[in-house]
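Work through the exercises below with the sequence and the model in view. Each task is followed by a solution in steps.

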Amino acid sequence: MRKQFLAATLMLAASLGSAHAANLSFLNESILVRIPKAQVPQFSAEVGRVLNDVADGQTATWSSKPERARQVPVSITFAPRNTTRTSKGQTCRFLAADVAQGTAKENWGFWFCKQESGAWRASAR
């Protein structure tokens, strides 16, 4: 269940539909799985907003809100780059993410391509 949660957390794009995840079991121990389940929609909305609105070379930051008194938030800095158009006219972007919780840090990056429906889909590009 946590693997599915992580895949959904990382790959959902918000306003224009959902992105689809590949097998992300390698992320099983990632800091990303520590985002509280109730905050997944806000995180997903931010992924979609960044893919749609943030220019290459710019950054955007999102942080979870602690649900308990000593809980440390998960902070993510997104940096889209390398926006390209495929030969079929599809827009694709690489989304780098610097993920941190306290002193623990991870760096992730995924390609997303925008579908005809307007949804972003994770790509093996």
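**Exercise 1. The elements**

How many helices and how many strands does the protein have?

Solution. The model is predicted, so local features need pLDDT of at least 70 and side-chain atom pairs count only at pLDDT 80 or more, while totals for chains, interfaces and linings use all residues. Residues are numbered from 1 along each chain as its sequence is written, and side-chain values use heavy atoms, with hydrogens and water left out.

Step 1. Helices (H or I, at least four residues) and strands (E, at least two) are DSSP runs, numbered from the N terminus. Step 2. Counting these runs gives two helices and five strands. Step 3. Along the sequence, their pattern is α-α-β-β-β-β-β.

**Exercise 2. Helix α2**

Solution. Step 1. Step 2. Step 3. Step 4. Buried means under 20% relative accessible area, exposed over 50%, and partly exposed in between (1.4 Å probe, protein chains only). Step 5. For the protein, 41% of the 125 residues count as buried.

**Exercise 3. Aromatic pairs**

Find the aromatic pairs of Phe43 with Trp62 and with Phe78, and classify each.

Solution. Step 1. Rings of Phe, Tyr and Trp (its six-membered ring) pair if their centres lie within 6.5 Å; planes under 30 degrees apart count as stacked, over 60 as edge-to-face and the rest as tilted. Step 2. The structure holds three aromatic pairs. Step 3. One of them is Phe43 with Trp62, at 5.3 Å centre to centre and 65° between the planes, which is edge-to-face. Phe43 lies in helix α2 and Trp62 in strand β1 (residues 60-63), so this pair ties together parts 19 residues apart in sequence. Step 4. The ring centres of Phe43 and Phe78 are 6.0 Å apart with planes at 40°, so that pair is tilted. Phe78 belongs to strand β2 (residues 75-85), so its pair with Phe43 in α2 ties together parts 35 residues apart in sequence. Step 5. Phe43, Trp62 and Phe78 form one aromatic cluster.

**Exercise 4. The cores**

Which residues have the most contacts inside the largest nonpolar core?

Solution. Step 1. A nonpolar core is a set of buried Ala, Val, Leu, Ile, Met, Phe, Trp, Tyr and Cys residues joined through side-chain atoms within 4.5 Å. Step 2. The largest one has 20 residues, and those with the most contacts inside it are Ile35, Phe43, Ile76, Phe78, Leu95, Val99 and Phe112. Step 3. Two or more residues each come from α2, β1, β2, β3, β4 and β5 (120-123). Helix α2 gives the largest share, four residues. Step 4. Another core, of five residues, lies apart from it and includes Phe94, Ala96, Trp111 and Cys113.

**Exercise 5. The disulfide**

Where is the disulfide, and is it right-handed or left-handed?

Solution. Step 1. A disulfide is a pair of cysteine sulfur atoms within 2.5 Å. Step 2. Cys92 and Cys113 are joined by one, with S to S 2.0 Å. Step 3. Cys92 is in strand β3 (residues 91-101) and Cys113 in strand β4 (residues 104-114), 21 residues apart. Step 4. The torsion about their S-S bond is about 105°, so the disulfide is right-handed. Step 5. Both Cys92 and Cys113 are buried.
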